[in-house]
Number of protein chains: 2
Amino acid sequence: MSETVDRRITRTKRAIRAALVSLIEEKGFDALSVKDITARANINRGTFYLHYKDKFDLLDQTLEEVARDIENILLEITALSGIDVVKGKLPLSIVEKLFAYFKANAPVMQALLATKGNHALQAQIKKTMWHHVFEKNRATFIKKENLLVPPEYLISYIAAAHFGVVQEWLDGGCRETPAEMARILTYITFRGPLFAAGISSPNF
Amino acid sequence: MSETVDRRITRTKRAIRAALVSLIEEKGFDALSVKDITARANINRGTFYLHYKDKFDLLDQTLEEVARDIENILLEITALSGIDVVKGKLPLSIVEKLFAYFKANAPVMQALLATKGNHALQAQIKKTMWHHVFEKNRATFIKKENLLVPPEYLISYIAAAHFGVVQEWLDGGCRETPAEMARILTYITFRGPLFAAGISSPNF
DNA sequence: TAGATATTCAACACGGAGTTGATTATCTGT
DNA sequence: ACAGATAATCAACTCCGTGTTGAATATCTA
């Protein structure tokens, strides 16, 4: 029972969400007010407070939704591939799926990444990476004791790098295909940034 | 003439800056008001508006100052080393200096990186990297035509990755020394994240 | 020390935030 | 299609931070 949500709620939430995104694109999250949102959404201002505490709460909930989506993409794949986790085939397909998701939801992603949604998402991804790489270490080809640098920095490095590239891609209008982006990203990660820059690893 | 700044201005600006940082640490930038700042700084609220348009302007100016510092560290070194730009000696010393700066200004950096100062700084760094790596390409060992991935993504990757590691380091209380951090960071960048993870580059 | 200027102070208008209670509109389940 | 539930509207109100002003005061510089 009660798995269905009242259509009125769905409608207003959708309208609010859309208004939020367009306003973030237009004037940035800082500059927008609850009044702005409800005006653009053609919603009574009081109605907003029936669903959200304030604009920050709205942002948080939007963020959580996106975070859940991302998490699901990661889980869906890591679940399948107990065996195929070798030789970089897995990460490539993960990353490609993620890029496809980002492209499909480009406006929301752009809006969120322009706020501190960045931080929140990155923190969550780092947690997920840690969990899946080190704890239930199905990825048998990575072992914490083999690391040549502290694990927390390695994870931060990779997570932040990937987000940076995603952001650049979104800002540039998603010109490359998700598959191309996945290739680029895994290429840099697997071969190393300097190798990707056309240099054979120098001795330093 | 007039190279000296009125001491009253210096004092109030310093107080405002300090109040800003402590308040960001305490409740975050979103939640703080101009009233909060002036109260903590023991400053009349009207005085604030003599120097800043609003709290965002204050943040921007603080940000610009830090950005200038970073820029100067980068320039100071790249200026010296026309010859020694080979074999990774240069980047290591750059990065170490930067970490030292971050540690010395940890509270401000923490506060700024918790806001969208992150974005601003990252954008500026990317611009600087682009300029120094590709345009006046003194770094003769990197050539745009040799790149195996698009330059904008490579730069985004590296810049974001470095910021991610800096953030992790600051959040963890700067336990490693700047030298250690510089080693870790250049190690991952030169050898590649997966190599740093203890894997010999897999074929994918 | 004199003149300049930064700071203080009190007061003001303005606008968005968040809440409330009554009314109306719309949905859900049968 | 209907009745009951509940979501949205509307108007009104309080609260609080904002940004500005003009006059008085304090502090700096030269």
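Over all chains, a search of the whole structure finds 14 salt bridges, a salt bridge being a side-chain nitrogen of Lys or Arg within 4 Å of a carboxyl oxygen of Asp or Glu. This is a predicted model, in which local features need pLDDT of at least 70 and side-chain atom pairs count only at pLDDT 80 or more, whereas totals for chains, interfaces and linings use all residues. Residues are numbered from 1 along each chain as its sequence is written, chains are lettered from A and ligands numbered from 1 in the order in which they are written, and side-chain values use heavy atoms, with hydrogens and water left out.

**Stop 1: the interface**

Select chain A and chain B together. Each contributes to the contact (heavy atoms within 4.5 Å): 58 residues come from chain A and 58 residues from chain B. The buried area between the two chains is about 5,200 Å², with 65% of it from carbon and sulfur atoms; buried area is the accessible area (1.4 Å probe) that two parts lose on being put together, summed over both.

Four salt bridges are found across this interface. Select B:K116 and A:D30, whose side chains form a salt bridge at 2.9 Å, N to O. B:K116 lies in the loop between α6 and α7 (117-135) of chain B and A:D30 in the loop between α1 (7-27) and α2 (34-40) of chain A, so the pair joins two chains. Next, select A:K116 and B:D30, a salt bridge with its closest N and O atoms 2.9 Å apart.

**Stop 2: α7 and α8 of chain A**

Helices here are DSSP runs (H or I, at least four residues), numbered from the N terminus. Select residues 117-135 (α7) and 151-171 (α8) of chain A: these helices pack at about 130 degrees with axes 10 Å apart. Axes are lines fitted to C-alpha atoms over the stretch in contact, and angles run from 0 to 180 degrees between N-to-C directions. The angle makes α7(A) oblique to α8(A); angles under 35 degrees count as roughly parallel, over 145 as roughly antiparallel, 65 to 115 as roughly perpendicular and the rest as oblique.

Among the contact residues, display A:L121, A:I125 and A:W130 of α7(A) with A:I155, A:A159 and A:F163 of α8(A). By class, the contact has eleven nonpolar, four polar and two charged residues. Nonpolar covers Ala, Val, Leu, Ile, Met, Phe, Trp, Tyr, Cys and Pro, charged covers Asp, Glu, Lys and Arg, and the others, Gly among them, are polar.

**Stop 3: α1 and α6 of chain B**

Finally, select residues 7-27 (α1) and 106-114 (α6) of chain B, whose axes come within 9 Å and cross at roughly 55 degrees. α1(B) and α6(B) are therefore oblique to each other. Display B:V21, B:I24 and B:E25 of α1(B), which meet B:P107, B:V108 and B:A111 of α6(B).
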